[in-house]
Amino acid sequence: MLKGKKKLATLVTVCVLAGSTAMAAGSPAAVPVRTVPVRQSAPVSAGTSAIDTWRTQKQLAQEETMALLWMRSAAEYRALCYQGYNAAMMEVDKALSDPARKGKPLAIVLDCDETVTDNTPALAKAAADGNGQYKSIWWRDVVHEGKSGAMPGAVDFLQQVDKKGLAIFYVSNRYAPVNYEATEANLKALRFPQADKKHILLMEKSGNKQLRFNTITADYDVVVYMGDNAGDLPIGTNGKSLTERNQIVDAHKADFGTKYIVFPNPVYGAWVSAIAKNYLTMTPEQRDEVNREFLTKNY
């Protein structure tokens, strides 16, 4: 790893990840290698672009600190995880007792990161080092370590679903050619059931999960979809604007807590990139202006 002044001089602008749809490690469009750790004080001789990158990374890290503290320490976060799995289990039991659902075999579909796997230690370490840009190359290295933990309640939930005879599909935007083996090994180490090539569907050509959802529903009756990002659900938010995303969610309001279970993630997600074009690569001043506009907006 480079030291001293060379750190920032070697920084390159790589596609910044945003959300479950964004954690597409190693993909051609968003390639998650580890970003050189950011110094706590900018080097005197660094170029303007390097300084701007450093300032952007550091400000984002500062803004993410409270969200990461909440996810890492709050009882309320754990409670919401348990609440999500409990709601999903009620839907599973309801489907199993419904005589109308005796056709296709039953299944659940869920995202991995921040839905059943916990990456907050790695995210928090990066933020503590002053880097709030979770770039694709950095994310690829995190995935390859295979050290994602299980979210509170995830192991018990998944094992119960497996015992009840439902298929479990892990639909993640980790990039398949680079991340499949590490992902399978990690899920198996966490004692997640059905962690195999049939049930782990990572991204290959498109970050839009709908194509993979369609493949599943061709043979299975999906009881519930679970994720921390709207793109983890088959409601059509992929590539939509902030306003469109909210309208789509409003149109499906009756399905949340039943067919669709959403887990809290205030750190990253498609919601961040939807705030404004190039939000994550703006200068701190530009982003402050956008932030103030949304914080003071009258709805």
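Trainee: Which residues of helix α6 are buried?

Mentor: In helix α6, which spans residues 154-163, the buried ones are Ala154, Val155, Phe157, Leu158 and Val161, where buried means under 20% relative accessible area and exposed means over 50%, with partly exposed in between, using a 1.4 Å probe and protein chains only. They cover an arc of only 165° around the axis, which puts them on the same side of α6, the arc being that of the directions from the helix axis to the C-beta atoms. Helices here are DSSP runs of H or I with at least four residues, strands are runs of E with at least two, and both are numbered from the N terminus.

Trainee: Before we go on, what kind of model is this?

Mentor: This is a predicted model, in which local features need pLDDT of at least 70 and side-chain atom pairs count only at pLDDT 80 or more, while totals for chains, interfaces and linings use all residues. Residues are numbered from 1 along each chain as its sequence is written, and side-chain values use heavy atoms, with hydrogens and water left out.

Trainee: Back to α6, then: which exposed residues sit on the face turned away from its buried side?

Mentor: That face carries Asp156 and Lys163.

Trainee: And what do the buried residues of α6 pack against?

Mentor: They pack against α3 (75-96), β1 (106-110), β3 (149-150), β4 (167-175) and β6 (221-227), with contact taken as heavy atoms within 4.5 Å.

Trainee: How are α3 and α6 arranged, parallel or perpendicular?

Mentor: The two helices pack at an angle of about 10°, with their axes 10 Å apart, and α3 and α6 are therefore roughly parallel to each other. Angles under 35 degrees count as roughly parallel, over 145 as roughly antiparallel, 65 to 115 as roughly perpendicular and the rest as oblique.

Trainee: Which residues meet there?

Mentor: From α3, Tyr85, Ala88 and Met89 meet Ala154, Phe157, Gln160 and Val161 of α6.

Trainee: What about the largest nonpolar core, which residues have the most contacts inside it?

Mentor: Ile108 and Phe157 do, in a core of 51 residues, a nonpolar core being a set of buried Ala, Val, Leu, Ile, Met, Phe, Trp, Tyr and Cys residues joined through side-chain atoms within 4.5 Å. The helix that gives the most to this core is α3, with eight residues.

Definitions and conventions. Axes are lines fitted to C-alpha atoms, for helices over the stretch in contact, and angles run from 0 to 180 degrees between N-to-C directions.
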